[in-house]
Amino acid sequence: MTKEEKYSLARWAMEHAIKNGAQQASVIISDSRSSSIEVREQKIDKLEQSNQHGLTIRLFVDKKYSSHSTNRLNKPELEGFIEEAIAATKYLSEDEFRTLPAPELYYEGGGPDLQTVDNDYDNVDPQAKIDAAFATENEAFGKDERIISVTASYNDGINERVMVTSNGFEGDTSNSYFQLVASVSVKGEDARPESYWYETAIFYDKLKKDGIGKTALKRVLNKLGQEKIESATLPMIVENRSAGNLLNPLINALNGSSIQQKQSFLIDKIGEKVASEKLTITDDPFIVGGRGSHLFDGEGLAAKKRSVFDKGILKTYFIDTYYGKKLEMEPTSGGTSNLVFETGNKDIEGLIASLDKGILVTGFNGGNCNGSTGDFSYGIDGFLIENGEIVKPVSEMNITGNMKDLWMNIAEVGNDVNKNSSWLTPSIMFSKVDFSGI
Amino acid sequence: MNFNRRNFIKTSGAAVAGSMILPPFMQSCQNVQISATVKSYLDHFEVTTGMLQKVIAAAMEKGGNYTDLFFEHRTTNNLGLEDGKVNRAFSNIDFGVGIRVLKGDQTGFAYSEEITLEAMLNAAKMAASIANNPKEFDPDGMLEKTPADYYKISQKWDDVSVKDKVPFVQKVNDKVFGLDSKVTKVNAFMGDETSYVLFYNSEGRLTYDYRPMMRFGVVCVMEKDGQIENAYSARSFRKGFEILTDGLVDEIAQEAVDKTNILFEAGKPKAGEMPVVLGAGGSGILLHEAIGHTFEADFNRKGTSIFSDKLNKKVAENFINIIDDGTLPNDRGAINIDDEGNDVKKTYLVKDGILNSYIHDKISAEFYNVEPTGNGRRESFRYVPIPRMRSTYMEPGPHSKDEIIAEVDYGVYVDNFSNGQVQIGAGDFTFFVKSGYIIEKGKLTQPIKDINIIGNGPEALADISMAADDFKMDSGTWTCGKDGQSVPVTLGLPTVLVKKLTVGGTNV
């Protein structure tokens, strides 16, 4: 479907809803394509291609709300689908807080090109994709006698969506991604550790294509000789690519729904110091080429740059129109765009070198966080550090504590930002964490 | 063929189940004799046996040695309650066909959301390109396979209106608020799903399945002296509307309130390695994470599982029998056929302490030269099938629960979980405990909450030193994720003692 065809169908569906009893409606039509090539043992293990589309309609009927989606986009069937959806909505209870956003908050156009899509997506040579996957495998395959299995994959995708609302919003977004991944398993004494590495990009030409297999192999060899160590309270360095796992509960606690439903440990904390003064994070939707960049959010609200934490002081919640009404707060946006940290001056090597004794966390293994209280406990993958050096890999360890205390205890924020994600996390060092071992 | 589909979504479901409306033994253009039920599925997807054979032929033309077509039409409905009212509904329709071509253990896969001959042939050609030695495909005769019938229901979700479901969601809210004055927020949800599946492969197997599913649950938030806690309770079954009763409402309401209340008294245990008693039921998460995933034969075929060379070896005490079963009536993990069209079995993974079988899909069953176990599953037509668990549980053992707890000098008793994970190769698995108790000198004492437990699969399996006679299946909304695909599963366990696991906690 072309963009114009999507707009045309979206307007038609929206108007059909209004004609049949909805007072307000919004419609999103999206389509996406993707391809994936997985190689193993020097041959293609799996080839996958996909092409999908869908329509989502949000209905506001007699102060009642529902949302419906389908991948069957022919008009006669959609007519019935929308009419039945409206009929079903009437059986719900009224919800006075449900409306489309106030039109003055919508994005009005004229924003810059944020470079979120590779318009040459369809021109990438299929053979080049296959070659890239094999080249990644070859960086590790046969390079060490302890290797059991090397898998490499090339993945890409492109998505286009348009949104129209019955109170005047129209907008479209496009995104693409390209990714190379390698995962390597090796035989240890008994265990068979596995590790992986990946690179991603919005543009094919910007995808880093070398070093991925090599890095995966290096990381898995580092894991050999894992040992359980004693429980201790120690400083912890979390590697940049894993720091998002710890940031996640903190950001969830800022969500309008969490606040209003009392499943947050940061209720009524705007303007208060809730984290170390070393924590400064800005939500910046306007980074050119940023993974989370956008000019408007999922409701059509015009994007704004916002301070989230300023030297540990909480500056904003993430509030959509619905929870904004419930909480009597101005909507900000229901979610994050790009989270940008104020960085320190050491990279991960520098942070490691600065520690007498501590644990470097390179990955998490399960665990969870209680959203109401902030209590957490996670399994970790990592290394014991002594006298500024990595001594050995550790196994079967948990970290346990409370998010409020953890983020108060930042010792240092690194400068090695992970650009593979919309959350641009650097490595972060925390001053003391409870580790459980033997 | 292109009849007006206006009412397709609503009425076609009823037509499929009420297949007796159709005359038996309709003739297709291929002169293949098929049942009225299969005919109704073909009609539902607007295909003929002739079309299926053409698509298979196109998929095989580059030299693949196997192809399957997986047609699926799934309707999902969800109702939500927040702040006292059933004030939101969500629905989704997903429809399409997945086409998979195998060349040895290599896979080509594509899917189409449009079920027309042209669209299917395009997808077939894409999938076919995994092979590159064109050869003539000689089709096998079409053989209809009647699926098992593990989920009999009396009231199909297709026929149930939002109006009929709303009161149950409202009741669970009112019930939770009525049970305890500390309750400040309730979130309740009720979801149903109906899938129609039609399957055909290059070996001629033609089969189908009708898969109902429901889930019903409630989250309870309480406040006491400024402390906020929450817990939830849910049930899920392959059942119809008949499952919704006041009894079920009362059961989950009471459970959510009890689970929340206990948290106000709960603390953290001392961190470290200690004996862990797993209570009957949801503790089956131990089997799922520590053993189940590492028994999946794709990992073992590639040599990447810690159990890779342990087949037929002793891995546990003699009294331990662990099963992965797709045949439990109306269970969330049950399937009448797997997503590769195979019969579903009750599979002993560990029999009398010996590793008896891996969990197989078609590729791995051929690699190991064994019968398929019926574990080839996929999230939807958009994905390739891979070895997946269904209902994973341990048979009752020779001990009693009291005996087991009495055995522990200092350790923890845990029976309420939220999630788990495993590293297939290292064997390190974890599960997150929402609540439990410290055991001191053989007695349950202080409640505990929100801790992660970590162990190593083979060691933990060997360390199960006692198992009780109180086996219980858990009927929660367990969903298992692997390779980006989610499938419904269940799990169960009698009370067991694991001699040592690493328990998260404090270091004071």
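Mentor: Start at Leu47(A): its bridge partner in β3(B) is Gly108(B). Keep in mind that this is a predicted model. The pairing behind that bridge joins β2(A) to strand β3 (residues 106–112) of chain B. The two strands run in the parallel sense, over 4 bridges.

Now widen the view to the whole interface. In total, 65 residues of chain A are in contact with 72 residues of chain B. On the chain A side, strand β2 (residues 43–61) gives the most, with 10 residues. That side of chain A divides into 15 nonpolar, 35 polar and 15 charged residues.

Next, look within chain B, at two helices. Helix α3 (residues 49–60) and helix α4 (residues 117–128) of chain B have axes that come within 8 Å and cross at roughly 25°. Angles under 35 degrees count as roughly parallel, and α3(B) and α4(B) are therefore roughly parallel to each other. The crossing of α3(B) past α4(B) is right-handed. From α3(B), the contact includes Met51(B), Val55(B) and Ala58(B). From α4(B), it includes Leu117(B), Met120(B) and Leu121(B). By class, this contact has 10 nonpolar, no polar and 2 charged residues.

Last, a sheet within chain A. It is open, has 5 strands in the order β10-β9-β8-β11-β16, and its pairing is mixed. The edge strands are β10 (313–314) and β16 (423–424) of chain A, each pairing on one side only. At the β10(A) end, strand β9 (residues 306–310) of chain A runs antiparallel to β10(A), joined by 2 bridges. There, Asp310(A) stands opposite Ile313(A).

Definitions and conventions. Residues are numbered from 1 along each chain as its sequence is written. Chains are lettered from A and ligands numbered from 1 in the order in which they are written. This is a predicted model: local features need pLDDT of at least 70, side-chain atom pairs count only at pLDDT 80 or more; totals for chains, interfaces and linings use all residues. Two residues are in contact if their C-beta atoms, placed from the backbone, lie within 7 Å. Ala, Val, Leu, Ile, Met, Phe, Trp, Tyr, Cys and Pro count as nonpolar, Asp, Glu, Lys and Arg as charged, and the others, Gly among them, as polar. Two strands pair if DSSP finds at least two bridges between them. Axes are lines fitted to C-alpha atoms, for helices over the stretch in contact, and angles run from 0 to 180 degrees between N-to-C directions. Angles under 35 degrees count as roughly parallel, over 145 as roughly antiparallel, 65 to 115 as roughly perpendicular and the rest as oblique. A crossing is left-handed if the near helix is turned anticlockwise from the far one by less than a right angle, and right-handed if clockwise.
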